[in-house]
Structures are given as structure tokens and as C-alpha cells.
Amino acid sequence: RYKQSAQVLRLDSPGAEWVVDLDLGETTGPDIHIMKGNILKEITFTMEGDGNTLDEPVDLLFMAAGNIRTHISVWVLDDESGNWSQEIVASGESIEDMRYVPRDVEVYKDNVTGQERVFLLLGNYGVLSGVYDPSLPTKIRWDDEKEFPPTGGHIDVRALGMAEANGKLYFSGGVSLYAREDGEQPRWSEVLNLEALLADEKAPLNVEMGGIRGLTRIDNPAGEGDSLIFMWAPTQRSLGVIKRIDFDADGTQTIHDETVVADLVPTILGD
């Protein structure tokens, strides 16, 4: 039975009809069926990989998707030709509970080296990084090895969000929040762990729910700088607590409960 692959649809004007701009099945082939697209986002580069500043910023429409078990591919749209270029950026053997699922992409400038890089979450397999290279079909030159964790390693729960706040790059995976330490030999370290909150759930973390979801930067409502906001949903019975992290001047972090999604539902849908 034929299974429709994921698609990108295009609307040229308010009165036009939607058309298929990209059918992932046409580029990946029947052996790598992709049920859904995971990322569709415009990313902007201001520098080439060699460190030279571009005359004008370059905007790329970036698409990424995984077939969950064995492959992650990216597609980049060429605005002039209207064609999409595809590249497989991660592949391997199918392993139980390990997922090739890209969920976020961010362009970030290293505060030590000054190099502008793009970062892609690879699900359980961590973080891949690359730089802008106009000579390549996708315009991105990815590193040969993951930036985190070391080759062969993985994180226990697939990464679900990435955001820059106060000049640092963060990503979330399960109960953990990781921060990048910039430099010629960058590394990622765990800066927050919410495992203790699982006691309130009276259940272990459910990998389908993911724990920390929707990591997003916002203006700090309690002072200067940035805060991070996310949903805490570690189990199937989670109420969806929206939490906020404020970063103090001395580097300490303060967590606040903003609201509970389950409590908002009756006010929206009625009793």
C-alpha cells in the first residue's frame, strides 16, 4: 500500500491555491520513507565559513526531516531556480529507543572564535554543526563529526529544543538543559537537571513526552537580559507546566512556574 511522504506546500498569494513545492519521497526514495517534516524555518547567515563577512545577509529556507530510525536529511531551497537541494546529514543502524528526529536549527556566533555556525539537533544522537559555504548545493558545509556528544555517544532522550539566551546557546533533552562553552574546542555541559521533579509525577520519564519541550528565549520579565521558557511534560499524565528560567548576574538560575496548561483548558473550551 502506498504511503504518502511528507511535503512542503507553497501559497503564492492570498487568493491562490496551495501547491506541492517539495515532496520528500521524490528525493529520498522508497527505502527511506519520511512520514512528516520536522523543521521548516528561514535561517540567516552573515558570514562565510572562512570568517569573512558577507556583503549582504543570506536567507535560506531550511527543511529537515528524519525517518525516525536510520536517517536525517536536510533540504535547502534555491530562491533563483526554485529547486530544493537535499543532503543526508546523519545515518546509522536502527537501535531501539534511539530516534533520528531533527527538532530545531539555530544560527549562532561563537563568542570566542567569532565564527558563525549553524546547529542542528539530531534527536538522541545529539548536535551537529556546520558553516555557510556558497559553493555547495545546500550552501551548508557540515562537520564530519557531531559536536555533542562524542562520536558513538548519544543522549538518553531526544533533544527537543534549542535557543540562544544572554549570548549562550542552549538545548534541552529529557530532564536536562545543556549550554555550549565556546572556543576552539567547544564543549557542552549540563546546567540544569529536573530529575527531582519526577517524584511529583509519580512515574518515570516517558520518552514519547520528552520532558523539557518548546525551549524558547523571551525578554526577562523580572529584570535585564533574556530568560528561557519551556513546557515541562515528562509523563503521559503531565499537566503541562510552563516554566521560566531567569539568569542572575552571578550566573545562578531561578526557575518560576508561569502557568499550567491543563488549568487553562476549561477556560478556553468551557466546562
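In which loop is Lys 139 found? Select Lys 139 and you land in the loop between S9 and S10; strands (E, at least two residues) and helices (H or I, at least four) are DSSP runs numbered from the N terminus. Check the backbone there: phi of Lys 139 is near 70°, a positive value in a residue other than glycine.

Some housekeeping before moving on. Residues are numbered from 1 along each chain as its sequence is written, and side-chain values use heavy atoms, with hydrogens and water left out. The model is predicted, so local features need pLDDT of at least 70 and side-chain atom pairs count only at pLDDT 80 or more, while totals for chains, interfaces and linings use all residues.

**Stop: the loop between S10 and S11**

Pick Glu 147, in the loop between strand S10 (140-142) and strand S11 (159-165). Is Glu 147 buried or exposed? At 16% relative accessibility it counts as buried (buried is under 20% relative accessible area, exposed over 50%, partly exposed in between, with a 1.4 Å probe and protein chains only). Now show what surrounds Glu 147: leaving aside neighbours within four places in sequence, its contacts (heavy atoms within 4.5 Å) are Phe 119, Val 127, Ser 129, Arg 180, Pro 186 and Trp 188. With Trp 188, the side chains make a polar contact at 2.9 Å. A polar contact is a pair of N or O atoms within 3.5 Å; within protein, one must be able to donate a hydrogen and the other to accept it, and residues adjacent in sequence count only if both atoms are side-chain atoms.

In the loop between S10 and S11 you'll also find Pro 149.

**Stop: the rings**

Select the aromatics next; there are nine aromatic pairs in the structure. Rings of Phe, Tyr and Trp (its six-membered ring) pair if their centres lie within 6.5 Å; planes under 30 degrees apart count as stacked, over 60 as edge-to-face and the rest as tilted. Tyr 100 and Tyr 125 have ring centres 4.1 Å apart and planes at 20°, so that pair is stacked. Tyr 100 sits in the loop between S6 and strand S7 (105-109), and Tyr 125 in the loop between strand S8 (116-121) and strand S9 (127-132), so the pair ties together parts 25 residues apart in sequence. Tyr 100 is buried at 5% relative accessibility, and Tyr 125 is buried at 12%.

Why is the pair of Phe 171 and Trp 188 edge-to-face? Their ring centres are 5.2 Å apart and the planes are at 70°, so the pair gets that label. Phe 171 lies in strand S12 (residues 168-173) and Trp 188 in strand S14 (residues 187-193), and both residues are buried. Colour the cluster that ring pairs link together: Tyr 108, Phe 119, Phe 148, Phe 171, Tyr 178 and Trp 188.

**Last stop: the loop between H2 and S15**

Lys 202 lies in this loop. Its phi is near 55°, another residue other than glycine with a positive value, and at 75% relative accessibility Lys 202 counts as exposed. Now select Asn 206, placed in the loop between helix H2 (198-201) and strand S15 (211-219). Asn 206 is buried, with a relative accessible area of 19%. Follow its side chain to the backbone nitrogen of Glu 208, 2.7 Å away.
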